[in-house]
Amino acid sequence: MDTLVAALRSVLPADSVITDPVRLRTYECDGLTYHRATPGVVVLPGTAEQVAQVVRLCNEHGVPFVARGSGTGLSGGALPREDGVLIVTSKMRAILEIDLANRRAVVEPGVTNLAITEAVRHQGYYYAPDPSSQQVCSIGGNVAENSGGAHCLKYGFTVNHVEACEIVTPDGDLVTLDRMDPGYDLLGAFIGSEGTLGIATKITVRLSRAPEAVTTVLAAFESIEQGGQAVSAIIGAGIVPAAIEMMDALAIEAAEAAVACSYPEGAGAVLIVELDGPAAEVELQFARLRQICANAFELRVAADAAERAAIWKGRKSAFAAVGRISPAYIVQDGVVPRTSLPAVLAAIDRLSAEHGIRVANVFHAGDGNLHPLVLFDDEEPGAGERAEVVSGAILDLCVEHGGSITGEHGVGVDKARYMPKMFSADDLDTMQLVRCAFDPRGLANPGKVFPTPRLCGEVPGVRKGVHPLVESGKAEQF
């Protein structure tokens, strides 16, 4: 490591190589603070070529590396290695080009999500994917995790809005992956690969035209079951809102304590529905929505942008807000079919009672993407372990109901052990072959996504003897 640090100092400015133990602690976790590790060294490159030089040096010295953006991830995807290099792209935050004629913008990975919209808003455009952390999360991290957000129900995830990426491959080459390239969709494979296939250094994103009309509605229900029934009825009526978000009573309590969002008092659940598009269409959809939500005890309609922001305030701050009612928490990210929402939420309530662990529910109700916040006191002996049991049981519920262990936060280190719940050993081996094609030495963000590394020189776990794919001649073990 000492030799590598000296080499890093030869290609980067002095203040861009951090080895001071106190400063290293700044980077010991991402937004999921339950997992922590102090990096061996942190570097802050300012250009794509500097990123490539760092990766080449890591290869020369056989040292693993992890990419990090703003550190807002919620799966431990940017958890550093104590024996490795953490490559932080926060200095690379230039918007390089705005091409409204082709509805594109070219940005560096450290550019924040919301900054793109702010750069083109006055011209009637915006960048559609909107994670709740969009004020601070970076585009490079969004690409790595294929991030979504409240409006992904109608507009899709990051992968639907990226046209091209310049990347540094795991062996240090600078290459461009373009949506228009013939052959296999390598850009699609890269987006959402969580830093295991390389590091994005330049991203071409698609800009969307701002809708003609937007109507934001807050509906308060006496119970979460009533809110779930309303969601099913809205989708069943053929309405595809820009967003449908739901919060239960505990999540509302936290939001009120944190940001005083003034949601209706006594609500067992609130539903936030946003309609957008041509004015005539939005008007018709709103009329139908009002009928569907007739059993809501209060219905608020935003009259302007300020009232719309006030409605969204509680939901956008929900994750951070639970810190007002709990000293620690685990954020989960399971997905279930919409029709399974009532059964899964009832089962979560039972798990909560059984283990003495409170769970606040916040979710993208339209596509069944749950964000249960498992609350615990980290100073109470055994509380963290109980919270992990509840957290894992929630993911089991999602898989049992035909869903997924993650919808937008990624697998990272937090959910890797749950991958066998969804995939067979052969499935996971096939995924590893893709990773090995990009990263045969296994240096790019090792230990993430896959529960049992099996190829690329990594030590096998459960499997003993020669790997079947190696034995058959279909793969080479390095």
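The model is predicted, and local features need pLDDT of at least 70, side-chain atom pairs count only at pLDDT 80 or more, and totals for chains, interfaces and linings use all residues. Residues are numbered from 1 along each chain as its sequence is written, and side-chain values use heavy atoms, with hydrogens and water left out.

Of the 26 residues lining the second largest pocket, Ile 191, Gly 192, Ser 193, Glu 194 and Val 449 are the closest to its centre. A pocket is here an open set of points on a 1 Å grid over the protein atoms alone, with protein on both sides within 12 Å along at least five of seven lines; a cavity is a set of points where a 1.4 Å probe fits but cannot get out, and lining residues have an atom within 4 Å of a point. Grid points are joined across faces, edges and corners, and a volume is the space filled by probe spheres set on the points. At least two lining residues of this pocket come from each of helix 7 (186-190), helix 15 (419-422) and helix 16 (425-438), and helix 16 gives the most, with 3 residues. Helices (H or I, at least four residues) and strands (E, at least two) are DSSP runs numbered from the N terminus. The lining of the second largest pocket comprises 13 nonpolar, 9 polar and 4 charged residues, where Ala, Val, Leu, Ile, Met, Phe, Trp, Tyr, Cys and Pro count as nonpolar, Asp, Glu, Lys and Arg as charged, and the others, Gly among them, as polar.

Gly 447 is placed in the loop between helix 16 and helix 17 (468-471). Because its relative accessibility is 39%, Gly 447 counts as partly exposed; buried means under 20% relative accessible area, exposed over 50%, and partly exposed in between (1.4 Å probe, protein chains only). Gly 447 and Gly 412 are 35 residues apart in sequence, yet 8.3 Å apart in space, C-alpha to C-alpha.

The structure also holds 1 cavity of 30 Å³ or more. The largest cavity contains about 30 Å³ of space and is lined by Ile 330, Gln 332, Glu 388, Ser 391, Gly 392, Asp 414, Arg 417 and Tyr 418. Helix 14 (residues 383-400) gives the most to this lining, with 3 residues.

Turning to the annotated region, the unreviewed UniProt entry assigns "domain: FAD-binding PCMH-type" to residues 35-210; UniProt positions are given in the numbering used here, feature names are shortened, and annotations may be inferred rather than shown by experiment. This span is 22% helix and 25% strand, and its end C-alpha atoms lie 39 Å apart.

An open sheet of 4 strands has the order 1-2-4-3 with mixed pairing. Strand 1 (17-18) and strand 3 (65-68) stand at its edges, each with a single partner strand, so one side of each is left without a neighbour in the sheet. Two strands pair if DSSP finds at least two bridges between them. Strand 2 (residues 41-43) runs parallel to strand 4 (residues 85-88), joined by 3 bridges, and Val 42 has Leu 86 as its bridge partner in strand 4.

Strand 10 (residues 199-206) is largely enclosed by the rest of the structure, because 6 of its 8 residues are buried. Strand 6 (residues 104-107) runs antiparallel to strand 10 through 4 bridges, with Val 106 partnered by Thr 204. Strand 8 (residues 162-168) is also antiparallel to strand 10, joined by 6 bridges, and Glu 166 has Lys 202 as its bridge partner.
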